[in-house]
Amino acid sequence: MTDLFAPFTLGKLELSNRLVMAPLTRNRAGAGEAPTELAAQYYGQRATAGLIISEGTQPSAVGQGYPHTPGLHTDAQVAGWTLVADAVHARGGRIVAQLMHSGRISHPAITGLQPVAPSAVTPAGEVYTEQGMKAFEQPRALATEELPGVIGEFVDAARRAVSAGLDGIELHAANGYLLQQFLSDSTNTRTDSYGGSPENRARFVIEVATAVGDAIGPQRVGIRISPAGTFNDIAETETEATYTALLDGLNPLGLLYLHVVEGPETDFHLALRKQWEGTFIFNTGFTGPSDLSTAQEAVDSGSTDLFCIGRGFLANPDLVERLRSGAELNEPDMETFYSGGAKGYTDYPALSA
Ligand SMILES: Cc1cc2nc3c(=O)[nH]c(=O)nc-3n(C[C@H](O)[C@H](O)[C@H](O)COP(=O)(O)O)c2cc1C
């Protein structure tokens with residue numbers, strides 16, 4: 001049996017255990033969509049996680065998908081992330097920023113800009129804005145000549161993450177946002193070299209990962225994927241071929257980790273685990289069990305190196321200690337997931353309190 005609570009070496013990072021805090025959007029950024037002192041407190045409280053993956057963070061203004069999510073494209077945002085990095089490091093933790101470009105999952109009422117996407121395919125459904133729920137609007141298809149600029153936004157944000165003192169970044173290529181929109185044949189109907197086949201649909205994500213790795217070092221770059229995931233009105237028909245092509249392109253880069261989200265209904269992550277040559281992180285998604293026994297079984301069976309937990313860390317600043325000692329867990333309060341200041345954010349009690 002592998003000890004989940006023993007240290008693990010992830011690239012150049014010494015993690016104190018194998019439990020990873022999942023990226024969790026909390027919509028509490030301050031002026032200029034910069035992380036606040038309160039965010040530093042929230043992340044600092046959770047520094048006993050082996051690794052923290054931050055909430056989704058836009059690399060550019062147009063990449064913002066929800067109100068008050070933080071960015072990494074201005075100096076003020078870097079200053080906010082510096083507070084966060086310092087708070088986590090002061091308590092011996094490790095933290096990477098999840099770079100999340102929302103693509104078509106956005107709205108002019110949030111950004112003042114028309115969303116961009118691989119193709120002009122409007123998502124079904126509505127998005128939350130400060131003026132209430134609004135139907136998604138048709139995104140503008142990115143021209144081939146614009147793609148280097150989008151890659152440049154990811155590179156710039158990754159450099160800013162490092163300058164803020166964060167330990168690296170995670171590319172969000174899951175859950176129906178821009179990078180998965182390139183991977184999926186339902187959202188990518190392009191006829192240039194970025195669409196039309198699994199290899200072509202994987203190309204943009206590989207180019208982003210390559211450029212970001214060249215800029216800050218591949219051992220500072222992880223990537224999250226959700227093969228066949230349907231969140232945000234996305235659908236993939238050539239999942240196996242697409243993700244095989246993706247990993248063929250990513251393996252030679254020597255990235256920090258591959259992070260797979262997959263519910264209990266399917267087990268495609270096992271094939272990806274075999275193909276992936278580096279460290280593997282697994283999260284069971286919204287419908288899967290996310291408890292200690294699932295984590296233990298996943299690591300012991302060899303299906304992952306590290307296990308990622310979301311709502312458990314959201315509601316328990318000392319989740320690692322509680323799992324280690326078998327203590328009861330605080331229940332997450334859904335009402336305060338996406339707003340609420342300190343309530344439901346920094347006021348979940350720790351055992352020692
Ligand atoms: C409040 C909330 C916010 C989330 N925000 C993000 C996000 O910003 N990026 C992301 O990749 N996943 C996000 N997720 C998904 C989680 O990372 C995770 O995959 C999910 O919660 C399932 O894990 P769990 O059962 O351990 O909570 C979010 C989930 C929740 C509950």
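Modeller: Please note that this is a predicted model.

Biologist: Is Asn175 buried or exposed?

Modeller: Asn175 sits in the loop between strand 10 (169-173) and helix 5 (178-183). Although Asn175 is not a glycine, its phi is positive, at about 55°. Buried means under 20% relative accessible area. Because the relative accessibility of Asn175 is 18%, the residue counts as buried.

Biologist: Which relative accessible area does Asp233 have, and where does the residue lie?

Modeller: Asp233 is a residue other than glycine with a positive phi, near 55°. The loop between strand 11 (221-225) and helix 7 (239-250) holds Asp233.

Biologist: What share of the accessible area of the ligand does the protein bury?

Modeller: A polar side-chain atom of Arg224 is 2.6 Å from an oxygen atom of the ligand. For Arg311, a polar side-chain atom lies 2.7 Å from a ligand oxygen atom, and a backbone N or O atom of Gly310 is also 2.7 Å from an oxygen atom of the ligand. The ligand taken alone exposes 610 Å², and the share of this that the protein buries is 95%.

Biologist: How many residues in the shell around the ligand are charged?

Modeller: The ligand is surrounded by 18 residues, the closest being Thr25, Arg224, Asn283, Ser290 and Arg311. The shell comprises seven nonpolar residues and nine polar ones, and the number of charged residues is two.

Definitions and conventions:
Residues are numbered from 1 along each chain as its sequence is written. This is a predicted model: local features need pLDDT of at least 70, side-chain atom pairs count only at pLDDT 80 or more; totals for chains, interfaces and linings use all residues. Side-chain values use heavy atoms; hydrogens and water are left out. Helices (H or I, at least four residues) and strands (E, at least two) are DSSP runs, numbered from the N terminus. Buried means under 20% relative accessible area, exposed over 50%, partly exposed in between (1.4 Å probe, protein chains only). A residue is near a molecule or strand if one of its heavy atoms lies within 4 Å of it. A polar contact is a pair of N or O atoms within 3.5 Å; within protein, one must be able to donate a hydrogen and the other to accept it, and residues adjacent in sequence count only if both atoms are side-chain atoms. Accessible areas come from the Shrake-Rupley method with a 1.4 Å probe; for residues, only the protein chains shown count as cover. Ala, Val, Leu, Ile, Met, Phe, Trp, Tyr, Cys and Pro count as nonpolar, Asp, Glu, Lys and Arg as charged, and the others, Gly among them, as polar.
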